[in-house]
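Please look through the sequence and the model shown below, and then read the briefing that follows. It moves from charged pairs to a covalent link, and then to helix packing and the chain as a whole.

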Amino acid sequence: MLVVSVATAVVLSCAPGVHAQPATTSPAPTAGDRCPALFVIGVQGPDETSPGADPGADTGMLGSVFAPLLTRTGDRLVRRIYVPYRTDAAAPSSATTGTAPQPLSGGPGRPEMVASAVAATVADVAAAAAGVLGECPSTLLASVGYAEGARVISEFARQVGAGRDPALRPERVA
(Lines give C-alpha, C1' and ligand atoms only; values in the text may rest on other atoms or scores of the structure.)
Protein backbone atom coordinates (compact mmCIF):
# COMPACT_ATOMS: atom_id res chain seq x y z
CA MET A 1 0.00 0.00 0.00
CA LEU A 2 1.46 3.35 -1.03
CA VAL A 3 0.50 6.52 0.79
CA VAL A 4 1.82 9.83 -0.52
CA SER A 5 1.26 13.17 1.19
CA VAL A 6 0.22 15.68 -1.47
CA ALA A 7 -0.36 18.69 0.78
CA THR A 8 -0.92 19.22 4.44
CA ALA A 9 -4.48 17.93 4.32
CA VAL A 10 -4.44 15.71 1.23
CA VAL A 11 -3.50 12.06 1.15
CA LEU A 12 -3.10 9.99 -1.99
CA SER A 13 -3.11 6.30 -1.42
CA CYS A 14 -3.30 3.18 -3.38
CA ALA A 15 -5.92 0.85 -2.03
CA PRO A 16 -7.14 -2.35 -3.61
CA GLY A 17 -10.71 -2.94 -4.57
CA VAL A 18 -12.52 0.32 -4.06
CA HIS A 19 -16.30 0.39 -4.58
CA ALA A 20 -18.80 3.18 -4.31
CA GLN A 21 -20.97 3.84 -1.29
CA PRO A 22 -24.24 1.90 -1.46
CA ALA A 23 -27.26 3.74 -2.85
CA THR A 24 -25.52 7.09 -3.21
CA THR A 25 -22.59 6.06 -5.32
CA SER A 26 -22.18 6.65 -8.90
CA PRO A 27 -20.63 5.64 -12.04
CA ALA A 28 -18.77 2.52 -11.03
CA PRO A 29 -17.97 0.73 -14.25
CA THR A 30 -20.32 -2.04 -15.27
CA ALA A 31 -19.55 -5.24 -17.11
CA GLY A 32 -20.97 -3.77 -20.32
CA ASP A 33 -18.73 -0.71 -20.05
CA ARG A 34 -15.14 -0.59 -21.00
CA CYS A 35 -13.30 -0.71 -17.69
CA PRO A 36 -10.78 2.06 -17.02
CA ALA A 37 -7.12 1.37 -16.32
CA LEU A 38 -7.40 3.36 -13.08
CA PHE A 39 -10.38 4.05 -10.83
CA VAL A 40 -9.96 6.70 -8.14
CA ILE A 41 -12.14 7.13 -5.05
CA GLY A 42 -12.13 10.57 -3.46
CA VAL A 43 -13.29 11.59 0.01
CA GLN A 44 -13.72 15.31 0.65
CA GLY A 45 -13.89 16.79 4.13
CA PRO A 46 -17.32 17.46 5.66
CA ASP A 47 -17.20 21.13 4.65
CA GLU A 48 -16.94 20.18 0.96
CA THR A 49 -19.56 17.44 0.67
CA SER A 50 -22.89 16.23 1.99
CA PRO A 51 -24.51 12.80 2.27
CA GLY A 52 -26.66 13.36 -0.81
CA ALA A 53 -23.91 14.86 -2.96
CA ASP A 54 -23.56 13.68 -6.55
CA PRO A 55 -20.68 11.16 -6.44
CA GLY A 56 -19.65 12.19 -9.95
CA ALA A 57 -19.63 15.97 -9.48
CA ASP A 58 -16.20 17.60 -9.37
CA THR A 59 -16.47 20.09 -6.52
CA GLY A 60 -14.19 21.36 -3.79
CA MET A 61 -10.46 20.74 -3.52
CA LEU A 62 -10.57 17.27 -5.06
CA GLY A 63 -12.68 18.51 -7.95
CA SER A 64 -9.90 20.95 -8.81
CA VAL A 65 -7.57 17.93 -9.07
CA PHE A 66 -9.86 15.47 -10.86
CA ALA A 67 -11.53 17.75 -13.42
CA PRO A 68 -8.29 18.62 -15.28
CA LEU A 69 -7.10 15.02 -15.01
CA LEU A 70 -10.28 13.68 -16.59
CA THR A 71 -10.19 16.36 -19.27
CA ARG A 72 -6.73 15.16 -20.29
CA THR A 73 -7.24 11.40 -19.97
CA GLY A 74 -10.91 10.76 -20.71
CA ASP A 75 -13.01 8.24 -18.82
CA ARG A 76 -11.64 5.20 -20.61
CA LEU A 77 -8.28 5.61 -18.93
CA VAL A 78 -9.31 7.10 -15.55
CA ARG A 79 -12.65 7.28 -13.73
CA ARG A 80 -13.48 8.60 -10.30
CA ILE A 81 -16.22 8.85 -7.73
CA TYR A 82 -16.56 10.76 -4.50
CA VAL A 83 -17.68 9.00 -1.33
CA PRO A 84 -19.26 11.49 1.09
CA TYR A 85 -17.73 11.94 4.54
CA ARG A 86 -20.31 10.44 6.91
CA THR A 87 -21.14 13.23 9.32
CA ASP A 88 -24.47 11.50 9.97
CA ALA A 89 -22.60 8.63 11.66
CA ALA A 90 -20.91 11.10 13.99
CA ALA A 91 -23.90 12.98 15.31
CA PRO A 92 -25.19 11.79 18.69
CA SER A 93 -28.84 10.85 18.67
CA SER A 94 -31.47 12.75 20.61
CA ALA A 95 -32.26 9.51 22.47
CA THR A 96 -28.82 9.49 24.09
CA THR A 97 -28.27 13.22 24.56
CA GLY A 98 -31.77 14.64 25.01
CA THR A 99 -31.03 17.18 22.28
CA ALA A 100 -31.33 17.27 18.52
CA PRO A 101 -28.44 15.63 16.65
CA GLN A 102 -25.68 18.04 15.66
CA PRO A 103 -23.58 17.62 12.53
CA LEU A 104 -19.90 16.93 12.97
CA SER A 105 -17.94 20.15 12.80
CA GLY A 106 -14.54 18.59 13.26
CA GLY A 107 -14.01 20.46 16.50
CA PRO A 108 -11.87 19.17 19.34
CA GLY A 109 -13.28 17.37 22.34
CA ARG A 110 -15.40 14.86 20.46
CA PRO A 111 -12.99 12.09 19.42
CA GLU A 112 -15.69 9.40 19.62
CA MET A 113 -17.77 11.31 17.06
CA VAL A 114 -14.84 11.69 14.71
CA ALA A 115 -13.91 8.01 15.10
CA SER A 116 -17.50 7.01 14.30
CA ALA A 117 -17.60 9.21 11.19
CA VAL A 118 -14.22 7.91 9.99
CA ALA A 119 -15.19 4.26 10.54
CA ALA A 120 -18.49 4.68 8.68
CA THR A 121 -16.81 6.46 5.77
CA VAL A 122 -14.01 3.87 5.60
CA ALA A 123 -16.70 1.18 5.31
CA ASP A 124 -18.32 3.13 2.45
CA VAL A 125 -14.97 3.48 0.66
CA ALA A 126 -14.29 -0.25 1.09
CA ALA A 127 -17.73 -1.09 -0.31
CA ALA A 128 -17.11 1.20 -3.27
CA ALA A 129 -13.70 -0.37 -3.88
CA ALA A 130 -15.05 -3.91 -3.74
CA GLY A 131 -17.78 -2.98 -6.22
CA VAL A 132 -15.34 -1.53 -8.71
CA LEU A 133 -13.08 -4.57 -8.53
CA GLY A 134 -16.06 -6.88 -8.80
CA GLU A 135 -17.04 -5.28 -12.10
CA CYS A 136 -13.53 -4.56 -13.38
CA PRO A 137 -11.07 -7.06 -11.89
CA SER A 138 -8.11 -5.79 -13.92
CA THR A 139 -8.65 -2.11 -13.04
CA LEU A 140 -6.18 -0.59 -10.59
CA LEU A 141 -7.48 1.49 -7.71
CA ALA A 142 -6.31 4.65 -6.04
CA SER A 143 -7.86 6.84 -3.37
CA VAL A 144 -7.48 10.48 -2.43
CA GLY A 145 -8.69 12.34 0.64
CA TYR A 146 -8.88 16.00 1.53
CA ALA A 147 -9.18 17.43 5.06
CA GLU A 148 -10.98 14.85 7.22
CA GLY A 149 -11.25 12.71 4.09
CA ALA A 150 -7.45 12.28 4.23
CA ARG A 151 -7.82 10.54 7.60
CA VAL A 152 -10.43 8.23 6.09
CA ILE A 153 -8.17 7.32 3.17
CA SER A 154 -5.22 6.79 5.50
CA GLU A 155 -7.25 4.33 7.60
CA PHE A 156 -8.63 2.62 4.48
CA ALA A 157 -5.09 2.20 3.12
CA ARG A 158 -3.91 0.79 6.44
CA GLN A 159 -6.71 -1.76 6.48
CA VAL A 160 -6.11 -2.82 2.89
CA GLY A 161 -2.38 -3.15 3.48
CA ALA A 162 -3.09 -5.33 6.52
CA GLY A 163 -5.24 -7.64 4.39
CA ARG A 164 -8.42 -7.18 6.46
CA ASP A 165 -10.73 -7.70 3.50
CA PRO A 166 -10.00 -10.52 1.04
CA ALA A 167 -11.96 -8.66 -1.69
CA LEU A 168 -9.50 -5.76 -1.46
CA ARG A 169 -6.08 -7.06 -2.39
CA PRO A 170 -3.10 -4.69 -2.05
CA GLU A 171 -1.78 -5.69 -5.48
CA ARG A 172 -4.84 -4.06 -7.11
CA VAL A 173 -3.71 -0.67 -5.84
CA ALA A 174 -1.95 1.62 -8.27
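A salt bridge is counted here when a side-chain nitrogen of Lys or Arg lies within 4 Å of a carboxyl oxygen of Asp or Glu. The model is predicted, so local features are taken only where pLDDT is at least 70 and side-chain atom pairs count only at pLDDT 80 or more, whereas totals for chains, interfaces and linings use all residues. Residues are numbered from 1 along each chain as its sequence is written, and side-chain values use heavy atoms, with hydrogens and water left out.

**Salt bridges**

- Side chains of opposite charge can pair when their charged atoms come close.
- D124 forms a salt bridge with R86, and the closest N and O atoms of the two are 2.9 Å apart.
- This pair links distant parts of the chain, since D124 belongs to helix 3 (residues 111–135) while R86 is in the loop between strand 5 and helix 2 (94–97), 38 residues apart; helices (H or I, at least four residues) and strands (E, at least two) are DSSP runs, numbered from the N terminus.
- D124 is buried, with a relative accessible area of 7%, where buried means under 20% relative accessible area, exposed means over 50% and partly exposed is in between (1.4 Å probe, protein chains only).
- By the rule given above, the count comes to 4 salt bridges.
- Another of them joins the side chains of R80 and D58, at 2.8 Å from N to O.
- R80 lies in strand 5 (residues 78–82) and D58 in the loop between strand 4 (38–43) and helix 1 (60–73), so the pair ties together parts that are 22 residues apart in sequence.
- Within this pair, R80 is buried, at a relative accessible area of 12%, whereas D58 is partly exposed, at 31%.
- E155 and R158 also form a salt bridge, with their closest N and O atoms 2.5 Å apart.
- Because E155 and R158 are 3 residues apart in helix 4 (residues 148–161), they are separated by about one helical turn, and R158 counts as partly exposed at 43% relative accessibility.

**The disulfide**

- A search of the whole structure finds 1 disulfide, a term that stands for a pair of cysteine sulfur atoms within 2.5 Å.
- The disulfide joins C35 to C136, with an S to S distance of 2.0 Å.
- The torsion about the S-S bond of C35 and C136 is about -75 degrees, so this disulfide is left-handed.
- C35 is in the loop between strand 3 (18–19) and strand 4, and C136 is in the loop between helix 3 and strand 6 (140–146), so that the pair links distant parts of the chain, 101 residues apart.
- C35 counts as partly exposed at 27% relative accessibility, whereas C136 is buried, with a relative accessible area of 1%.

**Contacts between helices 3 and 4**

- Residues of helix 3, among them V118, V122 and A126, meet residues of helix 4 that include V152, I153 and F156; contact means heavy atoms within 4.5 Å.

**The chain as a whole**

- The protein chain has 4 helices and 6 strands, which follow the pattern β-β-β-β-α-β-α-α-β-α when read along the sequence.
- Of the 174 residues in the protein chain, buried residues make up 41%.
- Among the contacts in the protein chain with a separation of 6 or more, 76% are accounted for by residues 24 or more positions apart.
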